[in-house]
Amino acid sequence: MGILGFIIMIALITVGITQGGRLDYLIDVPSLLITLGGTIGGLMAAYGTGFFRAIGTVFKCSADRETITEGVGIFRRARTYAIAAGVLGTTIGLVNMLGALDDPAALGPGTATALITTVYGFFLAYAIFHPVSASLERRLGESDE
């Protein structure tokens, strides 16, 4: 049921975006690299190979209680890292934007980075990492029964 909810969410968001503007406005590779790089880099620095075990746990049908518990903790922390990476990207975008105040044509890229990295951070945190951690928590509850 979780996958279906995720698909419905993505479909409705996509329809909403395309009805109100252009989808390509929301795709910014530098912002995506800042947000994903900050999140994944932070998780790898904090958890090392535990991060990869947590990803594997999501896709395994059976895993021991300790591995699932570790995955829950890592994906909860991933929400924090994603939001922090989004805020970092916002700061980088604002610095770029303010550095280009003398050239109005150059303000756009900095502004785009400043705004979209926050969106990417919240999307990762609450559309990816929160549902994954909730799913792993449900699996923990089911293993108690």
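## Confidence and overall make-up

The mean pLDDT of the chain is 87, and 97% of the residues score at least 70. The model is a predicted one. Confidence is lowest in α1, where the mean is 77, and highest in α2, where the mean reaches 94.

The secondary structure consists of five helices and zero strands, so that from the N terminus the elements read α-α-α-α-α. Along the principal axes, the C-alpha atoms of the chain fill a box of roughly 65 × 35 × 15 Å. The chain has 145 residues, and 28% of them count as buried. Among contacts between residues at least 6 apart in sequence, 76% join residues at least 24 apart.

## The largest pocket

The largest pocket holds about 590 Å³ of space. Its lining is made up of 21 residues, and those nearest the centre are Ile3, Val58, Ile128, Pro131 and Val132. Two or more lining residues come from each of α1 (2-20), α2 (29-47), α3 (49-59) and α5 (107-144). Helix α5 gives the largest share, with 10 residues.

By residue class, the lining of the largest pocket comprises 17 nonpolar, two polar and two charged residues.

## The second largest pocket

The volume of the second largest pocket is about 360 Å³. It is lined by 14 residues, of which Ile13, Ile17, Leu26, Tyr120 and Phe123 are the closest to its centre. At least two lining residues are supplied by each of α1, α2 and α5. The largest share again belongs to α5, which contributes five residues to this lining.

The lining of the second largest pocket divides into 13 nonpolar residues, one polar residue and no charged residues.

## The faces of α3

Helix α3 has Gly50, Phe51, Ala54 and Thr57 among its buried residues. Viewed down the helix axis, the buried residues of α3 fall within an arc of 115°, so they line one face of the helix. An α-helix has 3.6 residues a turn, so residues three or four places apart point the same way.

The face of α3 turned away from the buried side carries Thr49 and Phe59, which are exposed.

## Ser133 in α5

Ser133 is located in helix α5. Its relative accessibility is 2%, and Ser133 therefore counts as buried, the cut-off for that class being under 20%.

When residues up to four places away in sequence are not counted, Ser133 touches Val72, Phe75, Arg76 and Arg79.

## Met44 in α2

Met44 is found in helix α2, the helix with the highest mean confidence in the chain. With a relative accessible area of 39%, Met44 is partly exposed, because this class lies between the 20% limit for buried and the 50% limit for exposed.

Leaving out neighbours within four places in sequence, Met44 is in contact with Phe51 and Phe52. Met44 and Asp102 are 58 residues apart in sequence, and their C-alpha atoms are 39 Å apart in space.

Terms used
Residues are numbered from 1 along each chain as its sequence is written. This is a predicted model: local features need pLDDT of at least 70, side-chain atom pairs count only at pLDDT 80 or more; totals for chains, interfaces and linings use all residues. Side-chain values use heavy atoms; hydrogens and water are left out. On a 1 Å grid over the protein atoms alone, a cavity is a set of points where a 1.4 Å probe fits but cannot get out, and a pocket is an open set with protein on both sides within 12 Å along at least five of seven lines; lining residues have an atom within 4 Å of a point. Grid points are joined across faces, edges and corners, and a volume is the space filled by probe spheres set on the points. Helices (H or I, at least four residues) and strands (E, at least two) are DSSP runs, numbered from the N terminus. Ala, Val, Leu, Ile, Met, Phe, Trp, Tyr, Cys and Pro count as nonpolar, Asp, Glu, Lys and Arg as charged, and the others, Gly among them, as polar. Buried means under 20% relative accessible area, exposed over 50%, partly exposed in between (1.4 Å probe, protein chains only). The arc is that of the directions from the helix axis to the C-beta atoms. Contact means heavy atoms within 4.5 Å. pLDDT is the predictor's confidence in each residue, from 0 to 100.
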